[in-house]
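Have the sequence and the model open side by side as you read.

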Amino acid sequence: MDLSVVIPVKDEAANVAPLVAELRAALDGLLDYEILYVDDGSEDGTAAEVARLQAEAPHLRLLRHMRSYGQSAAIRSGVKAARAAWIATLDGDGQNDPADISKLWRVVLTAPEPPPLLIAGYREDRQDSWRKRFASQIANRVRRRILGDDTPDTGCGLKLFPRSLFLDLPYFDHMHRFLPALVLREGGIVRSIQVNHRPRRRGVSKYGVLDRLGVGVVDLFGVIWLKRRAARPHLFNEVSPDSKIAATSASTSVVR
């Protein structure tokens, strides 16, 4: 399998069927893929809607949290359960365009294998209220200046990365907002690609401006601490049991 599409959702029943249809139109014949919805404690019919669609879309999977643990926890649950080596994430509200996944995938096909790569969507023409756009502009400027991640839009839900890379990152609540800085901390590369952004047509947003800014400031200090404590050992090639260095080490005695 080439790609696992992980979609964290909470109370997005009306958006499930349209988004699944768009994903199938964008990816059928292009990739061997699966769609993995992670229902983060929804109180509407989100889980039932995903289950209904599974009859006609066998590559559609559903995970459920018993209660809401937040978007980062939902993404992590999806990545851990994913079957593919590459993960695409996108929001379940329909504002990310599934057609852009192929644009991000082309970057993977042309990129050198090492080091690990995060491809982040960039919503240059963001279709949100002026309050959300203004708050995001401030948050992005502060974050880029302090963390030096050189990423214009860390809040875009559309991202593509290796499963193994994500599982190597330190986990904490709201970590999805700082993926570029965390990947750079691991010695990886971050590339931002301009993507389409659409207005929300169904349902309501689960986030407000003040709560995003509030947790963002607190988490920012945590990421600063993580960056300062980063340690990336440079390893030699694996040593086989019959190699000279192994034999030398084995014959060395300890004098007490």
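## Aromatic pairs

This predicted model holds two aromatic pairs, counting rings of Phe, Tyr and Trp (its six-membered ring) whose centres lie within 6.5 Å. Planes under 30 degrees apart make a pair stacked, over 60 edge-to-face, and the rest tilted. Take Trp 86 and Trp 105: their ring centres are 6.3 Å apart and the planes meet at 85°, so this pair is edge-to-face. It ties together distant parts of the chain, with Trp 86 in strand 4 (residues 86-89) and Trp 105 in helix 4 (residues 101-110), 19 residues apart. Helices (H or I, at least four residues) and strands (E, at least two) are DSSP runs, numbered from the N terminus. Trp 105 is buried, at 11% relative accessible area; buried means under 20%, exposed over 50%, and partly exposed in between (1.4 Å probe, protein chains only).

Then there's Phe 161 with Phe 166, a stacked pair at 5.4 Å centre to centre and 20° between the planes. Phe 161 is buried at 3% relative accessibility, and Phe 166 is buried too, at 5%.

## A charge over a ring

Have a look at Arg 76 as well: its charged end sits over the ring of Tyr 171, 4.6 Å from the ring centre. To count, NZ of Lys or CZ of Arg has to be within 6 Å of the ring centre and within 35 degrees of the ring normal.

## Around Leu 60

Setting aside neighbours within four places in sequence, Leu 60 has contacts (heavy atoms within 4.5 Å) with Val 20, Ile 35, Tyr 37, Val 50, Leu 53 and Gln 54. Of these, Ile 35 is 25 residues away in sequence, yet the two C-alpha atoms are 4.8 Å apart.

Most residues other than glycine have a negative phi. You'll find Asp 11 in the loop between strand 1 (3-9) and helix 1 (13-27), partly exposed at 25% relative accessibility.

His 174 also has a positive phi, about 75°. His 174 sits in the loop between helix 6 (163-168) and helix 7 (179-185), and is buried at 19% relative accessible area.

## Reading the numbers

Residues are numbered from 1 along each chain as its sequence is written, and side-chain values use heavy atoms, with hydrogens and water left out. Since the model is predicted, local features need pLDDT of at least 70 and side-chain atom pairs count only at pLDDT 80 or more, while totals for chains, interfaces and linings use all residues.
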